[in-house]
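Biologist: I am new to this structure. Please show me how to read it, step by step.

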Amino acid sequence: MSAAAETAAAVPGALPAGIPQPVLVRGTGLLGASIGIGLSAAGADVLLHDLSPAALAVAADIGAGRPMRIDDGGDAGPAPALVVVAAPPDVTAEVVVDSLRRWPGALVLDIASVKEAIAAGVRAAVDDGRLGPSDPDRHLGTHPMAGSERSGPVAARGTLFTQAPWVLCPTDTTLPAAVQAGRALALALRATPYRMDARAHDESVAMISHLPQIAASLVAARLQDTPDQALALAGNGLRDTTRIAASDPQLWVQILSGNAERIVPALHGLRDDLDRLIRTLEAPGAPGSRLDMARLIAEGNAGRARVPGKHGAPPQAFAVVTVIVDDTPGQIAAVLDEVGRTDVNVEDLRLEHASGHRAGMVEISVLPGRRDELVAALSAAGWKVV
Ligand SMILES: NC(=O)c1ccc[n+]([C@@H]2O[C@H](COP(=O)([O-])OP(=O)(O)OC[C@H]3O[C@@H](n4cnc5c(N)ncnc54)[C@H](O)[C@@H]3O)[C@@H](O)[C@H]2O)c1
Ligand SMILES: O=C(O)C(=O)C[C@]1(C(=O)O)C=C[C@@H](O)C=C1
């Protein structure tokens, strides 16, 4: 399995050449509206369509583009030159096929989370005569590796894709113009394009996206009957491991069933480790059991250390500077204002509210070499740094 990251960087605020316009986004939920907002902000002419009038209206209201009517009596508005299908996975192939048929001059991209099933669905339309043999060449399967546990346009933001990988899955016959459009779309939204075939993509996401989702859901499911007094003690360990357990069940049913063949081997591996741990913990005092536990946690350390940092850079441990603030309006902005006066780049930011207390903690991640400088500056300005 190999992925080639392209290195060209987007010029901030500029629309890279190669995005045919107007662009029509079909499906204006979280992803479609985010794409619309980002492209509109970069100066593209964006049309929007969604089966849900409410999702369409919200997307238009938040600046994702202008609504377009699509129906069998003729479409209202100009023919799109590029269609981006951002509908749920189980209807994506059909919306791609419909778009290829409706607009014979348009390139069509989709962004669904699984890729082989969509490609097969589009090819099936050639077999049943709905598409001509070369129509699928205008289609490119893609997948932005950015999202959220939330869905719908209300959660959309134009910066969703910044610094995220965006996978492009051309086949041997995909038109170069379609690949160029996919690459330009990723760059316009400040993502990093990667090229990969659909099979390698699906194998990869089984491990780096689908298995984590399942693990988070299974862990969170255990909490249903946990007493409130135990949950009141929850710290970041639980929050970190269960954030994506809040994801949309409908979406994930489609993703998991669309990639079941690749997910099952990963689950067998997980089950083997779980069985091993259960056996060990059933006899924690037995000879070798502590070594077993240490190995398991160390194996987790080794896997975690392989997760890349921003821009696909090697994993990097940041230093965390923790500032205690009163839990009152304006405090966090004031801390950040102070940080802005230094020349230290904020790599990550996290807010922590101690339950039952009127104080919060702002955790600022910076490059380790810049930690002392930031601590000195914040302390000198009177902030409580711990
Ligand atoms: N949510 C994520 O984190 C994420 C990340 C990357 C890719 N994706 C993919 O992006 C796509 C959209 O996901 P989302 O999270 O934005 O979902 P969402 O539920 O927020 O939005 C989907 C939208 O598609 C609309 N829709 C349904 N059928 C349609 C049709 N036939 N024509 C036009 N619109 C239709 C729905 O009304 C809804 O507004 C999915 O294929 C998903 O796999 C999601
Ligand atoms: O919620 C998030 O943070 C995500 O990025 C979601 C995530 C992921 O697993 O990375 C989930 C599914 C999508 O297909 C792509 C992105």
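Biologist: What do β8, helix α5 and β9 make?

Modeller: First, the naming. Helices (H or I, at least four residues) and strands (E, at least two) are DSSP runs, numbered from the N terminus. A crossover is right-handed if, with the strands pointing away from the viewer, the path from the first strand over the helix to the second runs clockwise. Here β8, helix α5 (residues 176-188) and β9 make a right-handed β-α-β unit.

Biologist: Before we go on, what kind of model is this?

Modeller: This is a predicted model: local features need pLDDT of at least 70, side-chain atom pairs count only at pLDDT 80 or more, and totals for chains, interfaces and linings use all residues. Residues are numbered from 1 along each chain as its sequence is written, while chains are lettered from A and ligands numbered from 1 in the order in which they are written.

Biologist: Which way do the neighbours of β8 run, parallel or antiparallel?

Modeller: Two strands pair if DSSP finds at least two bridges between them. β7 and β8 run antiparallel, joined by four bridges. Within that pairing, Pro144 has Trp166 as its bridge partner in β8. β8 and strand β9 (residues 192-195) run parallel, again with four bridges. There, Val167 stands opposite Tyr194 of β9.

Biologist: Is strand β8 enclosed or open, and why?

Modeller: Count neighbours. A residue is buried if 20 or more other C-beta atoms lie within 10 Å of its own, exposed if 12 or fewer, and partly exposed in between; C-beta atoms are placed from the backbone. In strand β8 (residues 165-169), five of the five residues are buried, so the strand is largely enclosed by the rest of the structure. Pro165, Val167 and Cys169 point one way, Trp166 and Leu168 the other, and all are buried. For the protein chain, 32% of the 386 residues count as buried.

Biologist: What does Gly141 contact, apart from its neighbours within four places in sequence?

Modeller: Two residues are in contact if their C-beta atoms, placed from the backbone, lie within 7 Å. Gly141 lies in strand β7. Its contacts beyond four places include Asp110, Lys115 and Cys169. Gly141 is buried, because 31 other C-beta atoms lie within 10 Å. Now take Leu107, in strand β6 (residues 107-110). Leu107 is buried too, with 27 other C-beta atoms within 10 Å. Among its contacts beyond four places are Pro20, Leu82 and Ala177.

Biologist: How many residues surround ligand 1?

Modeller: A residue is near a molecule if its C-beta atom, placed from the backbone, lies within 6 Å of it. For ligand 1, 30 residues form the surroundings, and the closest are Gly27, Gly29, Ser113, Gly147 and Ser151. The largest share of this shell, four residues, comes from α3.

Biologist: What classes of residue make up that shell?

Modeller: Ala, Val, Leu, Ile, Met, Phe, Trp, Tyr, Cys and Pro count as nonpolar, Asp, Glu, Lys and Arg as charged, and the others, Gly among them, as polar. The shell around ligand 1 has 15 nonpolar, 13 polar and two charged residues. Around ligand 2, there are three nonpolar, four polar and one charged. Ser113, Met145 and Glu149 are among the residues around ligand 2.

Biologist: Which domains divide the protein chain?

Modeller: Domain bounds come from an automatic or database domain assignment. They are domain 1 (17-196), domain 2 (204-301) and domain 3 (319-385). The C-alpha centres of domain 2 and domain 3 lie 32 Å apart.
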